[in-house]
Amino acid sequence: FKGRARAFGERWPQAMLAASALRAVLPRASQEGAANGLSAALALQVRWKNQINSVSLLRQYYNRMPIRKKWRKAIMRGTMVMCEKTGQVRMPPVAISGYDEKTNPYRGRFEQLRSTRVWLKD
């Protein structure tokens with residue numbers, strides 16, 4: 001965005017334009033004749049209503065992971081997990097009704113599974 005703004009000759013970013021427009025609309029304390037300095041303070045101060053530029057600590061942690069974007073998104077979504085032993089991205093452990101992990105594990109593809117109940121193991 002910064003490069004495009006400079007390329008088109010725009011000198012101020014949008015926030016500065018909004019602040020200057022706000023100052024022009026609100027009355028000044030000296031123009032009112034009131035000794036109340038509150039309106040002057042409000043005219044100079046700009047409050048942001050959104051958090052466009054903020055990145056949460058959890059998002060920063062995921063962004064620093066040395067993996068591809070699609071796997072990072074899958075981990076954030078919860079459809080994949082990071083293996084603590086190998087550092088690889090893998091499917092989360094699932095429990096399947098009708099199959100036991102020790103004695104009778106399911107060895108097929110997940111798409112071909114016919115079990116009616118599948119849940120994530122904790």
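**Close-up views of side-chain contacts in a predicted model**

**View 1. Salt bridge between E111 and R109.** E111 is exposed, its relative accessible area being 61%. The model shown here and in the following views is a predicted one. The side chain of E111 meets that of R109 in a salt bridge, with an N to O distance of 3.4 Å. R109 is likewise classed as exposed, because its relative accessible area is 54%. Two salt bridges are found in a search of the whole structure.

**View 2. Salt bridge between E101 and K121.** The closest N and O atoms of E101 and K121 are 2.0 Å apart, and the two residues form a salt bridge. E101 belongs to the loop between β3 and β4, whereas K121 lies in the segment after β4, so the pair ties together parts that are 20 residues apart in sequence. With a relative accessible area of 52%, E101 is exposed. K121 has a relative accessibility of 31% and therefore counts as partly exposed.

**View 3. Buried R72 in helix α6.** R72 is located in helix α6, which comprises residues 69-77. Side chains of opposite charge can pair when their charged atoms come close. R72 is buried yet has no salt bridge. The nearest side chain of opposite charge belongs to E84 and is 17 Å away, whereas a salt bridge requires a nitrogen-to-oxygen distance within 4 Å. The side chain of R72 instead reaches backbone oxygens: that of Y62 at 3.0 Å and that of M65 at 3.1 Å.

**View 4. Aromatic pair of Y99 and Y106.** Two aromatic pairs are found in a search of the whole structure. In the pair formed by Y99 and Y106, the ring centres are 5.1 Å apart and the planes stand at 65 degrees, so the arrangement is edge-to-face; the cut-off for this class is over 60 degrees. Y99 counts as partly exposed, because its relative accessibility is 37%. Y106 also counts as partly exposed, at 24% relative accessibility.

**View 5. Nonpolar surface patch containing F110.** M91, F110 and V118 form a nonpolar patch on the surface. Together, these residues have about 270 Å² of accessible area. F110 is placed in the loop between β3 (94-96) and β4 (118-120). The relative accessible area of F110 is 45%, so this residue is partly exposed.

Methods:
Residues are numbered from 1 along each chain as its sequence is written. This is a predicted model: local features need pLDDT of at least 70, side-chain atom pairs count only at pLDDT 80 or more; totals for chains, interfaces and linings use all residues. Side-chain values use heavy atoms; hydrogens and water are left out. Rings of Phe, Tyr and Trp (its six-membered ring) pair if their centres lie within 6.5 Å; planes under 30 degrees apart count as stacked, over 60 as edge-to-face and the rest as tilted. Buried means under 20% relative accessible area, exposed over 50%, partly exposed in between (1.4 Å probe, protein chains only). Patches are made of residues with over 30% relative accessible area and no salt bridge: like charges are joined within 9 Å, nonpolar side chains (Val, Leu, Ile, Met, Phe, Trp, Tyr) within 5 Å. Accessible areas come from the Shrake-Rupley method with a 1.4 Å probe; for residues, only the protein chains shown count as cover. Helices (H or I, at least four residues) and strands (E, at least two) are DSSP runs, numbered from the N terminus. Lys and Arg count as positive and Asp and Glu as negative; His and the chain ends are not counted. A polar contact is a pair of N or O atoms within 3.5 Å; within protein, one must be able to donate a hydrogen and the other to accept it, and residues adjacent in sequence count only if both atoms are side-chain atoms.
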